[in-house]
Amino acid sequence: ILVAPGVYDKIEITKSLNLVGDDAKIRASEREIGIKIQATDVKVSGFNIEGGFYGIHLVGSENCTISDNTVTGCVQWGIGLVFSDENRIENNVANFNGLGGEGWYGIYLSNSNRNLIRNNVASDNGEYGICLFPSCSENVIRENVAERNDYGIYMFTDCNENLVQKNVLSRNKNSGI
């Protein structure tokens with residue numbers, strides 16, 4: 001599905017599809033999710049998501065590709081995976097999220113395994129550029145830029161066998177990783 005240039009409200013995806021934005025913007029209120037995905041085999045690319053509680057939120061989703069999106073100004077996280085396995089998050093920008101709320105994340109994984117987080121920019125977020133918490137295993141975090149957060153990449157409880165490689169983590173207030 002090709003989405004024409006323009007400004008759109010929130011989107012909820014519950015079946016397999018390929019959604020491509022052509023200069024398409026999603027604006028959600030601070031209690032809404034910009035793009036919510038609860039399905040397998042979904043591809044979302046080319047969107048500019050502004051505001052919302054969460055920007056792009058995958059829940060119980062597998063084999064999805066989220067690429068070439070810009071997510072900014074969300075109350076909690078820009079891009080989040082919750083109970084979502086074997087997804088690809090590539091070539092996205094997740095900046096200036098979680099500045100006023102308790103979310104603080106550019107890219108967030110929770111109870112999510114075997115995902116590829118590659119070539120994203122997660123900078124200037126409230127607390128964490130990329131955060132895994134809890135129980136996130138066998139993820140690949142490669143070739144991302146996480147700058148000017150409090151923490152560049154942060155892993156909490158029960159995060160095992162994750163590969164973190166070739167990331168640029170600079171000018172973070174507390175630590176790079």
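**Aromatic rings and a parallel sheet**

Tyrosine 154 is partly exposed, with a relative accessible area of 25%; the term covers values between buried, under 20% relative accessible area, and exposed, over 50%, for a 1.4 Å probe and protein chains only. The model is predicted, so local features require a pLDDT of at least 70 and side-chain atom pairs a pLDDT of 80 or more, whereas totals for chains, interfaces and linings use all residues. Residues are numbered from 1 along each chain as its sequence is written, and side-chain values use heavy atoms, with hydrogens and water left out.

The description may start with the sheet. Seven strands form an open sheet in the order β3-β5-β7-β10-β13-β15-β17, and their pairing is parallel. At its edges stand β3 (11–13) and β17, each of which pairs on one side only. From one strand to the next, the twist averages 10°. Strands here are DSSP runs of E with at least two residues, numbered from the N terminus, and two of them pair if DSSP finds at least two bridges between them.

Several neighbouring strands can be followed residue by residue. Four bridges join β10 and β13 in the parallel sense, and glycine 80 stands opposite tyrosine 108 in β13. Four bridges likewise pair β13 with β15 in the parallel sense; here tyrosine 105 has tyrosine 128 as its bridge partner in β15. β15 and β17 also pair in the parallel sense over four bridges, with tyrosine 151 in β17 as the bridge partner of tyrosine 128. β15 is mostly covered, since five of its five residues are buried.

The structure holds 12 aromatic pairs. One of them joins tyrosine 128 and tyrosine 151, which are stacked at 5.4 Å centre to centre with 20° between the planes. This pair links distant parts of the chain, for tyrosine 128 lies in β15 (128–132) and tyrosine 151 in β17 (151–155), 23 residues apart. Both are buried: tyrosine 128 has a relative accessible area of 7%, and tyrosine 151 one of 18%. The rings of tyrosine 151 and tyrosine 154 have centres 4.7 Å apart and planes at 65°, so this pair is edge-to-face. Rings of Phe, Tyr and Trp (its six-membered ring) pair if their centres lie within 6.5 Å; planes under 30 degrees apart count as stacked, over 60 as edge-to-face and the rest as tilted. One aromatic cluster includes Phe53, Trp77, Tyr105, Tyr128, Tyr151 and Tyr154.

Isoleucine 153 also lies in β17 and is buried, at 1% relative accessibility. Leaving aside neighbours within four places in sequence, isoleucine 153 is in contact (heavy atoms within 4.5 Å) with residues including Ile130, Ile141, Val164 and Leu169.

Ile130 leads on to the nonpolar cores, which are sets of buried Ala, Val, Leu, Ile, Met, Phe, Trp, Tyr and Cys residues joined through side-chain atoms within 4.5 Å. The largest has 32 residues, of which Ile35, Ile37, Val44, Phe47, Ile56, Ile107 and Ile130 touch the most other members. Among the strands that each supply at least two residues of this core are β5 (33–37), β7 (54–59), β13 (105–110) and β15. Apart from it lies another core, of 10 residues, among them Ile33, Phe53, Val82 and Tyr105.

How values were computed:
Axes fitted to C-alpha atoms, helices over the stretch in contact; angles between N-to-C directions.
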